Amino acid sequence: MSSGFFSRWADSFFRRGEFSVTVPVMDGPLRPNRLLEEAQVAFRLDAVDNLTAAGGTVLCSSGPRLLSWTPGSAEAGELARCDSVISALASEPGGAVAIGLDAGGVIIRGGRHDGHMVGEGRLTCPTAIVFLDADTIVVANGSARCRPSEWKRDLMSIGSSGSVWRVDLPSGEATRLADGLAFPYGVAPSPGGRVLVSCAWRHRIVSIDTTGREAMKSVLDDLPGYPSRIVAAQDGGYWLSVFAVRTQLVEFVLREHRYREQMMAEIPVDYWVGPDLTSGQSFLEPLQGGGIKQMGILKPWAPARSYGLVVRLDAGFNPVASFHSRADGHVHGITSVCEIGERVIAGAKGPGLAVEVPLQAGELA
């Protein structure tokens, strides 16, 4: 037997390494604050997702609807309606929009490839898209077994069947750049012909060569939450949305296989012990230790079933600032973020609202 086997056995016995249930402490640039909770509401939209800057407007989705919001407007206007829930979105300067569908595949609206459908049969779980140029997109395919809307089942199944693809739009040819990923949920261009990909279930960001010739490498590990979309900041660096934070209870459940299997078989998915985009809506939700209210007050430092978090990364992928909505807040389930003008727009899919935070606020976080 290899030394790796004995090392894993020892880690399992002593509950260390990948078998540990500890989670990173949020401190320094990640120190909790109330910037998201106190932010101005830009607009309200049920299950708002996929915020994407497109010139002076913000594209977003709500279920099967594609919408556009202009800063200063009270609400977003509908542009189109798809046959399936929109699970991913990207735009390019020429006016084309790539739309990933929960039912699978990516459809192009506008531009020279208007109406093209690509990736059917391969891109069964598109979670994020980015244009490399007008003829090429890179798509994060979250799972080979679950739809994007089934993300919680993929997590509780210890899913690692995700992949990243480069798609040539004129021919529709798709080339797999990486596979075996634990739910890739965000993708952004990076210098040197590479893309950054956030891997939600491994709490990390990796760099992938778009030519497929160089090996994948990790650039940020052991995040305190589950990362979702990542976008480039206008003055360098990146904005990373984190849709929920890790807790010791969930880390423990993920390591108890018989318990998880029975829970998934017998309990409705909304009440599984696991992260969520919103919480406090039903007494049937599982209690999480310190999260129990005392004297009618939920403490902000309680273990969080849902949370709101946006992280600012510098060009070296180091966290330098963060915006929070803590356990006692409601701006939770941040699945997408974009920068427009002098503000950051964060989409809280759980409560269905988008908030705007001045860029200068990050300097105080």
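**Questions on a predicted protein model**

Of the contacts in the protein with a separation of 6 or more, 50% are between residues 24 or more positions apart; contact means heavy atoms within 4.5 Å. This is a predicted model in which local features need pLDDT of at least 70 and side-chain atom pairs count only at pLDDT 80 or more, while totals for chains, interfaces and linings use all residues. Residues are numbered from 1 along each chain as its sequence is written, and side-chain values use heavy atoms, with hydrogens and water left out.

Biologist: How many helices and strands are there in the protein?

Modeller: Both are DSSP runs numbered from the N terminus, helices being H or I of at least four residues and strands E of at least two. On that basis the protein has four helices and 24 strands.

Biologist: Which are the edge strands of the open sheet of four strands?

Modeller: Two strands pair if DSSP finds at least two bridges between them. The order in this sheet is β1-β24-β23-β22, with antiparallel pairing. Within the sheet, β23 (residues 343–348) and β24 (residues 353–358) are joined by six bridges. The strands that pair on one side only are β1 (40–44) and β22 (334–340).

Biologist: Is Arg312 buried or exposed?

Modeller: Arg312 belongs to strand β20 (residues 308–313). Beyond its neighbours within four places in sequence, Arg312 is in contact with residues including Tyr238, Trp239 and Pro319. Because its relative accessible area is 13%, Arg312 is classed as buried.

Biologist: Which side chain does a polar contact of 2.6 Å join to that of Arg312?

Modeller: A polar contact is a pair of N or O atoms within 3.5 Å; within protein, one must be able to donate a hydrogen and the other to accept it, and residues adjacent in sequence count only if both atoms are side-chain atoms. The side chain joined to Arg312 at 2.6 Å is that of Asp235.

Notes: Buried means under 20% relative accessible area, exposed over 50%, partly exposed in between (1.4 Å probe, protein chains only).
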